[in-house]
Amino acid sequence: MTESPGGSERVPSRDRRRFPGISSRAYEHPADRSALVALRKLSGFDTVFKTLSGLLPERSLRLMFLSDSVRVSDQQFAHLNDMLRDACYILDLEKVPPMYVNQDPQPNAMCIGLDEPIIVLTTGLVELLDEEEMRAVIGHEVGHALSGHAVYRTVLLFLTNLALKIAWIPLGNVAVMAIVTALREWFRKSELSADRAGLLVGQDLQASMRGLMKLAGGNHLHEMNVDAFLQQAEEYEAGGDLRDSVLKVLNMLPRSHPFTTVRAAELKKWSASRDYQRIMDGHYPRKEEDKDTSVSESFRESAAHYAESVRTSKDPLMGLVRDIAGGAGDLGGKLRDTVFRGGSRPGGPGGANGTDGPEGPAGR
């Protein structure tokens with residue numbers, strides 16, 4: 001329960017549902033949750049990270065933000081401080097993490113730290129979002145803190161910087177980048193978890209949608225439309241051929257966050273799910289049950305999620321995966337049709353002697 005400096009209870013600024021004792025497992029994406037449950041169960045994991053913390057620049061980061069940013073409090077950015085307290089109260093995070101506003105025109109927010117998480121908002125983000133949109137973002141970051149994501153985000157930042165420093169060592173860099181790539185894939189799923197936490201805090205789906213739209217298109221809401229924005233996600237998911245599917249994967253690899261339209265579509269889908277409604281009705285996993293969580297059960301849930309994603313996906317690559325899993329009789333023909341969907345096959349018009357087949361510019 002969050003209290004003001006004078007000891008009086010701080011409650012949300014409007015009537016929002018609170019979730020006493022809620023476990024982060026309630027809102028975590030299945031892939032994120034299975035990884036976290038496994039790491040928490042791993043013997044000696046905490047000891048390893050405490051040892052590693054001596055090598056990480058966490059202390060330096062804390063001193064940097066303390067000396068060159070504005071710490072949110074009742075005296076500085078008081079409205080943000082109220083939102084932070086509200087978010088912690090709603091998600092039942094006992095210790096309110098320090099939050100800073102950093103001068104940076106790029107809209108961004110992050111939650112980092114090994115021993116104690118800290119939240120950082122950029123001025124670009126503060127100036128871009130209205131109150132309810134910002135409330136969802138702060139809830140997003142508090143969700144990271146509740147899940148323990150800050151630990152792994154700090155490690156990811158450290159390893160990314162390390163990879164840049166040892167880029168001249170071929171094998172060393174490859175090894176580090178392999179770990180970084182795996183961490184980024186997990187972290188992208190953790191962002192979907194935190195988006196859900198932001199919705200639980202703000203309890204305003206339209207505000208969450210507006211915030212994501214602004215991150216994509218700037219402060220021009222009068223020029224944007226939520227339905228059209230979500231339609232972009234549908235076109236991205238279903239459009240193109242197998243070559244586009246491969247390009248989607250390559251475009252995603254260097255990113256720490258999923259694409260904005262995809263985040264919006266995922267959040268809207270979750271908001272309409274039975275899981276979300278059960279949480280809002282007060283039925284959710286509790287913190288005291290975390291120690292009894294089964295790793296194998298979490299992995300089964302994650303596997304079931306991915307299987308369902310493959311089954312329902314309109315992406316051409318996922319369609320090919322379904323065909324392989326289903327033992328398609330004419331797999332070669334299906335592969336050929338998938339690759340050249342929208343174009344001509346070799347030997348026909350625009351094929352081997354044209355410009356759009358495998359021997360033309362697009363196929364080289």
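1. To begin with the overall make-up, the chain has 16 helices and 4 strands; these are DSSP runs, numbered from the N terminus, with at least four residues (H or I) for a helix and at least two (E) for a strand. This is a predicted model, in which local features need pLDDT of at least 70, side-chain atom pairs count only at pLDDT 80 or more, and totals for chains, interfaces and linings use all residues. Residues are numbered from 1 along each chain as its sequence is written, and side-chain values use heavy atoms, with hydrogens and water left out.

2. Of the 364 residues in the chain, 44% are buried, meaning under 20% relative accessible area with a 1.4 Å probe and protein chains only; exposed is over 50%, and partly exposed lies in between.

3. Now to the sheet. Its 4 strands form an open sheet in the order S1-S2-S4-S3, with mixed pairing; strands pair if DSSP finds at least two bridges between them. Strand S1 (70-71) and strand S3 (109-112) are at the edges with a single partner strand each, so one side of each has no neighbour in the sheet.

4. Strands S2 (residues 99-102) and S4 (residues 118-122) run parallel, paired over 4 bridges. Asn-102 sits opposite Thr-122 in S4.

5. Arg-210 is partly exposed, at a relative accessible area of 23%. The side chains of Arg-210 and Asp-130 are joined by a polar contact of 3.2 Å; a polar contact is a pair of N or O atoms within 3.5 Å, where within protein one must be able to donate a hydrogen and the other to accept it, and residues adjacent in sequence count only if both atoms are side-chain atoms.
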